[in-house]
Each structure stands twice: as structure tokens, then as C-alpha cells.
Amino acid sequence: MSTETRMTMTGLACSRRAPNRRIAGRIFPCLLAALLWTSIAPPATAGDGAYHVGPGDTLMIKVYGQETLTGQFRVDPDGSIGYPLLGDVDVGGFTTGEIAKRIGAELEEHVPSGNAVSVSIQEYAPVFVLGEVEKPGPYPYRPGMIALELLAVSGGLKKPTLALENNRLQIITTEQDYIDSQLQRFSLEVRRARLKAEMDRADDFSFALPTHDAIQDTAALNRIVEGEKNLFTVRKASLESQDQALQAQRASYEQEITTLEQAITLHNDELSLLAEDVKAMQTLADQKLTQLTRLREAQRSYSVAQRDTLEQQSYLARARQNLLDIEQRRIELRSSRDDEDAAGIREADFEIARADQRLGSLLLTLSEVKKEMTDATDAVATLTTTYAITRPVNGQYQEIAADERTEIKPGDILRASQKIDRRGPQLTLN
């Protein structure tokens, strides 16, 4: 016997026993008896048609006169909610009416009695749709929802693409990849030629376009050649500018060396004259014909001239060393550019070899796809759609077979899969 039937029978029994003039005095005991009868009734089962709260649902609990106990509460995966004063309250598997009675009974120990408690579903746990649908993802649950309705809100099933359409798309994509790879290979060839021209100290750079029609976009080819030509001109000008700066320093040091050599020659002549003066003064001093002070002055002048000559020779040696350094820097400048160009040529050769392999692979792919396209032209395709629901049951997920009319529950995950079966044309034996 259902709970509602028990309440009805109890109420009728009380109304029969109570005369009209005494109904006001007896109605409260009758209602109390009905409530007591309801409180000892077992929880509603899945077959009674009432909704049973589950994980992910959001409950609106109102306690009249107690604002602190009123609010929204989300059901945890274990089927409980955290409620003020009561802590964790198990609500999973119960109806909203059962939850209201339970919370009301437990609150009587903490708050004054007589506060009515109401529980309603504020928001159901979302449902999910995955697989071959246009817009997979979570969606709000609506009581009574079936799989077909959930598919509708998710945009419906994706339009299947047959093998013939796939082959056509793949051919277009592969042909475009082939053209792109040819352009990349041509770019590598032009780059290699430019690097070789730099190593050969060429005055200018040019590259002839291929005569075959493999690449139709001649404008793109010309842009690649012009780009490498401009790069050759810029790098050549940069190298020449650096070399000219070094040559200017070299000329300056050569001029300094020439000047120092001339100065040293003049000092050597002056030293010879001073040496003769010192020798003459020495002779006169030995004959007592001059004073020793004049001899000492001549000797000091000769010593100063020698020191100046040594200092100029030191400057000359330093200038010559700087000249050697300039020549070494010019050699290193050329050598560094040659090493850079050689490394670039090795890298270009490697990339060209890779491009050749890729081009060969793309040609093979084109051949295979065209063959499959020819074989698929006469094929017959059959589309099959299957559905499955992953549903949380007692804390664990279970896989459930479904169809378009299967009822959806809160928290369900609907997966739609499509399979295309192909078979060749039927042969008729005569």
C-alpha cells in the first residue's frame, strides 16, 4: 500500500469518527496520526515514479523562519550534502519529500519545533554526450529526457564522410603538400647556389628558373630567387665594408711604419754626428784643450739621441705587429664567412635529400589513394549507429546498451558511434 493511500485511509477514518461540530477538535489528532503513519513508511522505490536524488544534483532546502538553514546544497559523489548543524546528511536515493522529513526530524534537536522544511530540485546533475555528434559536451538534464532529445540539443549526429569523399580530400591535400615540398626544395637549391657563389667570391648572383612545368607558380619562384639575390648583395656589401675598414687601418699602420722608419734613419744620422762630436771632444779633453763639462754635455746629448732612437724602434715594432694583426683579421673575416657558407651548403644538401624523400613518399601516397578511390567507386556503404550509456550506479559506472528512445538519467554519459560497412557489388551467376 502506498504512502498516499495510507494517509488517505487514515484521514477518512478520522473524519468518520468526528461529528461536524467536533471536527475542529479532532482534525489535529487525525493529521498527526497520518503524519506518524507516513514517517514509518519505507522509502520510495524506483518503481513509484518519484525522482530519487543522486550525485551532482543541487537541492534547494528551505526552513521557514530559519534563514541560516535555507540555501542550495550540491549532492556529493557519495550521495551526501553538508548541512548546517547536522553535518553530512545522506540524501542519495531518496525523494525530496523523504529528505525534507528527515532533515525536519533531525533539526528538532537543534531548533524549536514547528519549522516547516521543504526540499526541491534546484538543478539536476548534467548529462553528457560524446562520440559522433556535432557538439559533444555537458547539457542540462530535463526529467523525462530520452537519448534522441539529448542528441537533438547536441546538434545531432555528424554527417558521415564516405571513403570516396575522404579520398578526394586526401588527394587535394597530398597534391598541395607535394607542391609545397617542391617549392621548399627549389628554395633550398637557390640558397645552396647563393652560398656557393659567396664562397667563389662571385661578383653577382643569378639562378635560372626550371624549364619543367612541375611548379606552375612562377611568381613564387621569382620571389625566392630575388630574395636570395638581395641577400647575396647585402652579405657581399657587408663583407666588403668590413674588409675596407680593415684595409683603411692597414694603410694607416703602413703610413705610421714609413714615418717611423724615416725618423729612425734621421736619428741614426744624428747619432753618427753626435758620436763624432763626442770623439772630437774626447781628443780635445785629452790634450787639455777644452773643459770636461763640454765633453760631458756632448756625451749626454749622444745618450738622449740613442734613447729616442730605441723608443722609435719600439713604436716601429708595435706598428708592424698591428699591421700583422690587421692582416690576420682580414683572413679570419674571409675564413669565418667561408665556414658559415660551407655549413649552410651541408645543411642545404641534407634538407634537399629529405625533400626528395618526402616528394617520393607523397607520390607513392597519391598513387595509393587514387587506387583506393578507383576501388571504392563501385563499393556499397551501409551506415550503422550504435548508442551506449555510462551511468553511475552505487558509486560505480556501468555500461548500458541504449537506443534513441532510452530514458536519460541525471549524470548519464551518452556515447553515439557510427560505423560504415562497405562491400563490393553483388555478383549474379547465370
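**Figure 1. Helix 3 spans residues 96-107 of this predicted model.** Helices and strands here are DSSP runs, numbered from the N terminus (helices H or I, at least four residues; strands E, at least two). Helix 3 has 12 residues, and at 1.5 Å a residue these should span 16 Å. The expected span is 1.5 Å times one less than the number of residues in the helix. The end C-alpha atoms of helix 3 lie 16 Å apart, which agrees. Residues are numbered from 1 along each chain as its sequence is written, and side-chain values use heavy atoms, with hydrogens and water left out. Because the model is predicted, local features need pLDDT of at least 70 and side-chain atom pairs count only at pLDDT 80 or more, while totals for chains, interfaces and linings use all residues.

Figure 2. Glu98, Ile99, Ala100, Ile103, Gly104 and Leu107 are buried in helix 3. Buried means under 20% relative accessible area, exposed over 50%, and partly exposed in between (1.4 Å probe, protein chains only). An α-helix has 3.6 residues a turn, so residues three or four places apart point the same way.

**Figure 3. The largest nonpolar core has 19 residues.** A nonpolar core is a set of buried Ala, Val, Leu, Ile, Met, Phe, Trp, Tyr and Cys residues joined through side-chain atoms within 4.5 Å. The residues with the most contacts inside this core are Leu59, Ile61, Tyr83, Val91, Ile103, Leu107 and Val117. Strand 1, strand 3, helix 3 and strand 5 each give two or more residues to the core. Helix 3 provides the largest share, four residues. Val117 touches Ile61, Lys62, Val63, Ala100, Ile103, Gly104 and Leu107, leaving aside residues up to four places away in sequence. A contact means heavy atoms within 4.5 Å. Another core, of 15 residues, lies apart from the largest one; Val129, Tyr139, Ile389 and Leu414 are among its residues.

**Figure 4. Strand 3 and strand 4 form a hairpin.** The two strands pair in the antiparallel sense over four bridges. Strands pair if DSSP finds at least two bridges between them. Tyr83 has Gly87 of strand 4 as its bridge partner. Three residues lie between the strands, and Leu85 in the turn has a positive phi of about 70 degrees.

**Figure 5. Tyr51, Tyr124 and Tyr141 form one aromatic cluster.** The whole structure holds five aromatic pairs. Rings of Phe, Tyr and Trp (its six-membered ring) pair if their centres lie within 6.5 Å; planes under 30 degrees apart count as stacked, over 60 as edge-to-face and the rest as tilted. The Tyr51 and Tyr124 rings have centres 5.0 Å apart and planes at 85 degrees, so this pair is edge-to-face. Tyr51 sits in the loop between helix 2 (23-39) and strand 1, and Tyr124 in the loop between strand 5 and strand 6 (127-131), 73 residues apart. Tyr51 counts as partly exposed, at 26% relative accessibility.

**Figure 6. Phe205 and Phe232 form a tilted pair.** Their ring centres are 6.0 Å apart and their planes stand at 35 degrees. Phe205 lies in the loop between helix 5 (163-199) and helix 6, and Phe232 lies in helix 6, so the pair ties together parts 27 residues apart in sequence. Phe205 is buried at 5% relative accessibility. Phe232 is buried at 3%.

**Figure 7. Glu228 is a buried residue of helix 6 (residues 218-286).** Its relative accessible area is 12%. Glu228 touches Val190, Arg191, Arg194 and Phe205, not counting residues up to four places away in sequence. The 69 residues of helix 6 should span 102 Å at 1.5 Å a residue, and the end C-alpha atoms are 100 Å apart, which agrees.

**Figure 8. Thr309 lies in helix 7 (residues 292-376).** Thr309 counts as buried, at 4% relative accessibility. Thr309 touches Ile264, His267, Asn268 and Leu271, not counting residues up to four places away in sequence.
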